[in-house]
Amino acid sequence: MIRLNAITRVFRMGDQEVRALNGVSLDIASGEYVSIMGPSGSGKSTLLNVVGLLDRPDSGRYELDGSDVTDLSETERARVRREKIGFVFQSFHLVPRLTAAENIELPLMLEGIAPAERKSRVDAALDAFDLKDRARHRPAELSGGQRQRVAIARATILRPTALLADEPTGNLDHRIGAEVMALLEGLHHAGTTLIVVTHDRELGARAHRHIAMRDGEIVGDEK
Amino acid sequence: MNLRDTLTLSCQTVVSYRTRSLLIVLAIALGVAAVVVLTALGEGARRYVVGQFSSLGTNLVIVLPGRAETSGGFPGAALGQTPRDLTLDDARFISHLPQVKRYAPLNVGVAELSAGGKLREVTVLGSTVELLPIRHMKLSQGSFLAPGSERSAQIVLGSVLAHEFFPDGKVIGQRIRLGDSRFLVSGVLAVQGESMGFNSDEIAIIPVDYAQELFNTNTLFRILVEARSRNDIEPAKAAIAHALKLRHDGEEDVTVITQDAILATFDRILRALTLGVAGIAAISLAVAGILVMNVMLVAVAQRTSEIGLLKALGAPAADIRRLFFAEALWLSLAGGAIGYALGNLGAWGIRLAYPTLPAWPPVWASVAGVATALITGILASLLPAARAARLDPVLALSGK
């Protein structure tokens with residue numbers, strides 16, 4: 001589970017201080033499906049980055065699955081990211097040189113898993129995400145929906161406890177976007193905590209818990 | 001990430017940025033090839049000179065009349081007026097010294113050689129039977145001036161002369177006229193070619209007494225002495241100088257030189273030259289190293305979002321640093337290997353074009369060239385790799 005306590009994150013823009021997160025406290029239980037909505041600059045992406053251990057809060061405590069992760073070293077944070085967090089990005093962030101299968105394999109490689117096991121797990125993931133005939137294609141040869149499926153397969157290959165999606169359908173048309181959301185929701189049903197950051201009201205409404213943000217503060221939290 | 005995956009992944013990256021990688025590999029390869037080729041040239045020149053000197057004879061001490069004002073010198077250098085000449089008696093006197101293995105007196109002059117209606121001017125050496133082993137000459141047929149035959153009118157011909165005067169190959173036992181005297185051809189020299197600007201294929205050799213008679217002199221041009229061993233060269237030089245000083249009423253009026261001294265000087269000069277050109281070539285490797293750094297910095301900037309992604313996927317900074325490091329390592333390794341091959345190809349080409357020049361690249365230069373390529377490549381990747389590892393993942397992912 002995720003427990004944020006009075007998290008503050010301040011950015012400096014020239015001589016101005018921007019409080020991207022201003023004393024945010026938030027508990028998300030394991031297996032929840034949460035949407036975070038709010039206008040640009042409301043701090044929702046920063047919140048997601050803090051939860052995903054990409055960003056460090058300036059003050060406050062962060063507890064993940066019962067242990068305090070606020071003061072971990074950079075290497076420790078990388079390990080926690082690898083084992084517990086999966087990211088899905090608006091722009092997919094696939095490595096253009098690598099094939100779909102190789103992109104999915106990356107986290108297994110970083111984890112140091114043996115090649116034979118890697119191969120069977122990647123094959124299983126390609127199967128599960130209906131990418132079997134696209135395994136040897138590079139991202140440039142894939143459609144937007146396929147790319148995002150590769151990205152989701154990569155994010156979930158190490159079976160993280162939480163999946164963090166930042167505008168996962170932002171670069172996709174409506175129909176494909178709905179397919180990708182269905183896929184993410186399927187993972188949620190299988191037990192993964194799913195946190196989706198979005199502008200899209202319709203998309204946000206699909207979650208079971210809706211968090212609204214404005215000026216670095218949570219202004220609404222309803223189930 | 002383990003070592004094998006790091007190497008595989010970075011190799012994939014190198015291969016996929018084909019043009020960029022080819023150019024950088026070429027830059028490194030040219031640097032390494034330059035080191036290999038230039039040192040091969042320097043080393044070839046050194047070996048050539050050493051070879052030329054050795055062909056004159058080993059453990060050679062040369063006595064020439066007159067006193068050179070400067071130390072060192074060259075066998076053919078014109079020397080000043082001499083108060084007292086070298087004589088055959090001087091030569092015989094030297095031969096009793098313990099450090100002397102054998103000696104050959106030498107007279108040189110030009111005379112007309114004629115036989116069967118043919119006539120030409122030749123360089124004539126007057127000497128004894130010991131000349132052959134001292135000067136490393138070989139006979140192709142017949143015998144050299146047999147010991148004790150100084151008073152018999154024998155002549156040994158260079159291979160070109162033998163062919164010119166006796167094209168049918170029947171040379172031994174033929175009579176030939178040199179100046180006003182008739183000689184019996186006793187042997188023919190093997191083809192040796194030019195050595196130190198002296199072509200032994202076009203000379204005639206006669207006993208030293210006949211040469212003195214022919215040139216109407218009782219002095220010697222040189223005395224060639226072979227010391228017993230390499231260690232005896234310097235003692236022999238001193239002993240000869242001392243002995244001749246005694247014989248010449250305490251006057252130091254001869255010069256004794258050893259080819260070792262000259263050889264050592266040439267050896268030193270050419271070694272320094274080789275090192276010098278290797279150093280100049282190594283500068284191009286340093287330039288290639290800076291190029292590697294530049295390319296790697298561009299790569300980090302280009303792949304910022306990819307680095308952010310790797311961090312989001314949980315790659316620790318050390319993994320990212322190693323990936324870029326390995327990439328530079330591959331580039332330098334490929335450049336070094338190709339450069340080594342290219343350099344050896346170049347050296348081979350030089351040997352093909354100039355067969356007399358033994359242009360083999362020295363091992364130390366090849367090793368140093370490839371090692372310098374690797375080290376500069378590795379050093380040049382340290383800064384870019386550290387920069388990549390330091391990137392803030394949030395900024396990197398947003399492409400800022």
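The model is a predicted one.

**Chain A as a whole**

Chain A contains seven helices and 10 strands. Its radius of gyration is 17 Å, which agrees with the value near 17 Å that a compact globule of 223 residues would have. Along the principal axes, the C-alpha atoms of chain A occupy a box of roughly 50 × 40 × 35 Å. Buried residues make up 52% of the 223 residues in chain A. The accessible surface of chain A amounts to about 9900 Å², and carbon and sulfur atoms contribute 47% of it. Among the contacts in chain A with a separation of 6 or more, 68% involve residues 24 or more positions apart.

Helix 1 of chain A spans residues 44–51 and is mostly covered, with seven of its eight residues buried. The buried set consists of Lys44(A), Thr46(A), Leu47(A), Leu48(A), Asn49(A), Val50(A) and Val51(A). After helix 1 of chain A comes Leu53(A), which has a positive phi near 60°.

Chain A also has an open sheet of four strands, arranged in the order 2-1-4-5 with antiparallel pairing. Strand 2 (16–28) and strand 5 (67–68) of chain A lie at the edges, each pairing on one side only. Strand 5 of chain A is joined to strand 4 (residues 59–64) of chain A by two bridges in the antiparallel sense. Within this part of chain A, Leu64(A) has Ser67(A) of strand 5 as its bridge partner.

**Chain B: strands and domains**

Chain B is divided into domain 1 (3–52 + 265–397) and domain 2 (84–252). The centres of domain 1 and domain 2 of chain B, taken over C-alpha atoms, are 56 Å apart.

Strand 3 of chain B takes part in two pairings, listed below.

| Strands of chain B | Direction | Bridges |
|---|---|---|
| Strand 2 (residues 100–115) and strand 3 (residues 118–127) | antiparallel | nine bridges |
| Strand 3 and strand 10 (residues 203–207) | parallel | five bridges |

In general, strands of a sheet pair through backbone hydrogen bonds, in either a parallel or an antiparallel manner. On strand 3 of chain B, Arg120(B) is the residue opposite Leu113(B). Thr123(B), for its part, stands opposite Ile203(B) in strand 10 of chain B. Strand 2 and strand 3 of chain B form a hairpin with two residues between the strands, and in this hairpin Gly116(B) adopts a positive phi near 55°.

Key. Residues are numbered from 1 along each chain as its sequence is written. Chains are lettered from A and ligands numbered from 1 in the order in which they are written. This is a predicted model: local features need pLDDT of at least 70, side-chain atom pairs count only at pLDDT 80 or more; totals for chains, interfaces and linings use all residues. Side-chain values use heavy atoms; hydrogens and water are left out. Buried means under 20% relative accessible area, exposed over 50%, partly exposed in between (1.4 Å probe, protein chains only). Domain bounds come from an automatic or database domain assignment. Two strands pair if DSSP finds at least two bridges between them. The radius of gyration is taken over C-alpha atoms; the globule rule is 2.2 Å times the number of residues to the power 0.38. Contact means heavy atoms within 4.5 Å. Accessible areas come from the Shrake-Rupley method with a 1.4 Å probe; for residues, only the protein chains shown count as cover.
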